[in-house]
Amino acid sequence: MLIDAVVLAGGRSSRLGFVPKASLLVDNESLLEKAVIAALGVSRSCVVVGPLAPEIAGHEILAVQEDPPFSGPAAALAAGLRLLPSGSQTSESVLVLACDMPGIAVQLPALVAALNSASRVIDGAISLDPHGYRQPLAALYRHHELTQVVSQFSDLELIGLSMRAVIEQLNLLSVPAALGVTDDVDSWEDAARLGATEPQSETQEGTQ
């Protein structure tokens, strides 16, 4: 199964005091780098929707910004989908990830295996966290079906639209995720729990 990936990394991070969550470090890698590396473990290509794309050796990572910026995950997904290879190069499936789940890599083979073995009536495989919530930003969707549902909304309608509203028409297979795998960083409390720290600025480093 040929897979492309879209990683969403353009949020305001307001609960982090507007420190970009994508830049937080876990094990000396930014959250964005970890998400992209995880995505490339199962995908042919990766588009980052946000202001920056990391440099990953051996891979060309494309970056795009939703318009207007900070207009939400649905608008960001639409922007990312437009940048994926098309025509004869169109992939069968699209992996959609948030940039702030440092443990997500272990879940991706299960998503791929689930969708690979599913019948064509299944439109995607979505992570189900231990609390019973489906995670639309930790899911693998059939490319055609995902593009179809996104295209039903105008650019204006996509602004502020939730991912749950986008995918509600899709027939998705829930794939249980282990405890902590889909945990994300929305606050400094989350960051501390998941071992994410703010990168030091050059000024901070110079004072030590």
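Predicted model: local features only at pLDDT ≥ 70, side-chain atom pairs only at ≥ 80, totals over all residues.

User: What makes strand β6 and strand β8 a pair, and in which sense do they run?

Analyst: Residues are numbered from 1 along each chain as its sequence is written, and side-chain values use heavy atoms, leaving out hydrogens and water. Strands (E, at least two residues) and helices (H or I, at least four) are DSSP runs numbered from the N terminus. Two strands pair if DSSP finds at least two bridges between them. Strand β6 (residues 93-98) and strand β8 (residues 134-142) have five bridges, in the antiparallel sense. Within β8, Leu140 is the bridge partner of Leu95.

User: Where do these strands sit in the sheet, and what is its order?

Analyst: The open sheet has seven strands in the order β5-β4-β1-β6-β8-β7-β9, with mixed pairing.

User: Why are β5 and β9 called edge strands?

Analyst: Both β5 (61-64) and β9 (172-176) pair on one side only.

User: How do you know that helix α2 is largely enclosed?

Analyst: Buried means under 20% relative accessible area, exposed over 50%, and partly exposed in between, with a 1.4 Å probe and protein chains only. Eight of the 11 residues of α2 (residues 73-83) are buried, so the rest of the structure largely encloses this helix. Among them are Ala74, Leu77 and Leu81.

User: Why is α2 called oblique to α4?

Analyst: Angles run from 0 to 180 degrees between N-to-C directions, with axes as lines fitted to C-alpha atoms, for helices over the stretch in contact. Under 35 degrees counts as roughly parallel, over 145 as roughly antiparallel, 65 to 115 as roughly perpendicular, and the rest as oblique. α2 and α4 (residues 143-151) pack at about 130°, their axes 11 Å apart. That makes α2 oblique to α4.

User: Which residues make the contact?

Analyst: With contact meaning heavy atoms within 4.5 Å, Leu77, Ala78 and Leu81 of α2 meet Leu146, Thr147 and Val150 of α4.

User: What makes Gln107 buried, and where is its place?

Analyst: Gln107 has 4% relative accessibility, so this residue counts as buried. Its place is in the loop between β6 and α3 (108-117). Leaving aside neighbours within four places in sequence, Gln107 is in contact with Ser127, Val175, Pro176, Ala177 and Val181.
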